[in-house]
Amino acid sequence: MSFAFIYPAFLWLLLLVPMTVALAWIGPRRPTRVRFWSGLALRVILVSLIILVLAGIQLRLRTNNLTAVFVLDVSDSIDAKAKVAGETFIREAIQNMPSGDKAAIVVFGEDALVERLASETRSLAGIASVPLTTRTDIAGALQLALALFPDEGAKRLVLLSDGRENLGQALEKAELAAAHQIQLTYHALSSPEGE
């Protein structure tokens, strides 16, 4: 658990808290000590809360949940048997994921389509998306998959492909995923594998 601020520049306004105390101290005294100290405490708390709200305070909680995005190659270079094996792999992974984890699916060929958004649902009826299959753009599929991750929790990309890309540069997107601390795993659908 940690605190973060959207606008940390507003925290300099916390200097108003000692000024509030000083003004109360040098100002006219209250009839009773209890009334003076309770009024001062109330003012300090209100000023502090207003400043924290202006700074955009956030409470960040650690989460042990994982979001996995499966990126399935259905281009013409993948035979029907390998496509079925890829679907089976994804279906089994989704059925066996621990409680609280989420899975999303991206299907790609020349273009990439979101088959399923990140969800805790443990069933997969079948792949219904039909992208253009004449070419293989792994980089475009990885770019789309990166956009599906939520802000919190662990993240994993699972690429199911033969690795034979003929559009884009998948290595650049893999480096981008690594820079965002997203684990990328590769599952070969057919052989010989590409680069």
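**A walk through a predicted model**

Residues are numbered from 1 along each chain as its sequence is written, and side-chain values use heavy atoms, with hydrogens and water left out.

Thr-136 sits in the loop between strand 5 (112-119) and helix 4 (138-146); helices (H or I, at least four residues) and strands (E, at least two) are DSSP runs, numbered from the N terminus. With a relative accessible area of 3%, Thr-136 is buried, where buried means under 20%, exposed means over 50%, and partly exposed lies in between, using a 1.4 Å probe and protein chains only. If we leave aside residues up to four places away in sequence, Thr-136 touches a list of residues that includes Asp-73, Phe-108, Gly-109 and Arg-164, a contact being heavy atoms within 4.5 Å.

Thr-67 belongs to strand 3 (residues 66-73), and at a relative accessible area of 5% Thr-67 is buried. Again not counting residues up to four places away in sequence, the contacts of Thr-67 are Lys-102, Ala-118, Phe-149, Pro-150, Ala-154, Lys-155 and Arg-156.

Turning to the aromatic rings, a search of the whole structure gives four aromatic pairs. The rings of Phe-36 and Trp-37 have centres 5.0 Å apart and planes at 75 degrees, so this pair is edge-to-face; the rule is that rings of Phe, Tyr and Trp (its six-membered ring) pair if their centres lie within 6.5 Å, with planes under 30 degrees apart counted as stacked, over 60 as edge-to-face and the rest as tilted. Phe-36 is buried at 4% relative accessibility, whereas Trp-37, at 45%, is partly exposed. Ring pairs also join Trp-25 with Phe-36 and Trp-37 in a cluster.

What about charged side chains? Side chains of opposite charge can pair when their charged atoms come close. The count here is one salt bridge, defined as a side-chain nitrogen of Lys or Arg within 4 Å of a carboxyl oxygen of Asp or Glu. The partners are Glu-87 and Arg-91, whose closest N and O atoms are 3.7 Å apart. Both residues lie in helix 3 (residues 80-95), four residues apart, which is about one turn of the helix. Glu-87 is partly exposed at 21% relative accessible area, and Arg-91 is partly exposed at 23%.

The side chain of Asn-96 reaches back to the backbone oxygen of Glu-92 at 3.0 Å. For a sense of distance, the C-alpha atoms of Asn-96 and Ile-6 are separated by 38 Å, the two residues being 90 apart along the chain.

On the surface, Phe-3, Phe-5, Ile-57, Leu-59 and Leu-61 make up a nonpolar patch with about 490 Å² of accessible area together. Strand 1 (2-5) and strand 2 (57-60) are the elements that give two or more residues to this patch. Phe-3, in strand 1, counts as exposed at 56% relative accessibility. Patches are built from residues with over 30% relative accessible area and no salt bridge, joining like charges within 9 Å and nonpolar side chains (Val, Leu, Ile, Met, Phe, Trp, Tyr) within 5 Å, and accessible areas come from the Shrake-Rupley method with a 1.4 Å probe, where for residues only the protein chains shown count as cover.

Finally, helix 5 (residues 170-179) holds Leu-176, which is partly exposed at 32% and touches Gln-143 and Leu-146, leaving out residues up to four places away in sequence. In the loop between helix 5 and strand 7 (183-188) comes Gln-181, exposed at 73% relative accessible area. Most residues other than glycine have a negative phi, but the phi of Gln-181 is positive, near 60 degrees.

Methods
Predicted model: local features only at pLDDT ≥ 70, side-chain atom pairs only at ≥ 80, totals over all residues. Polar contact = N/O pair within 3.5 Å; in protein donor to acceptor, adjacent residues only side chain to side chain.
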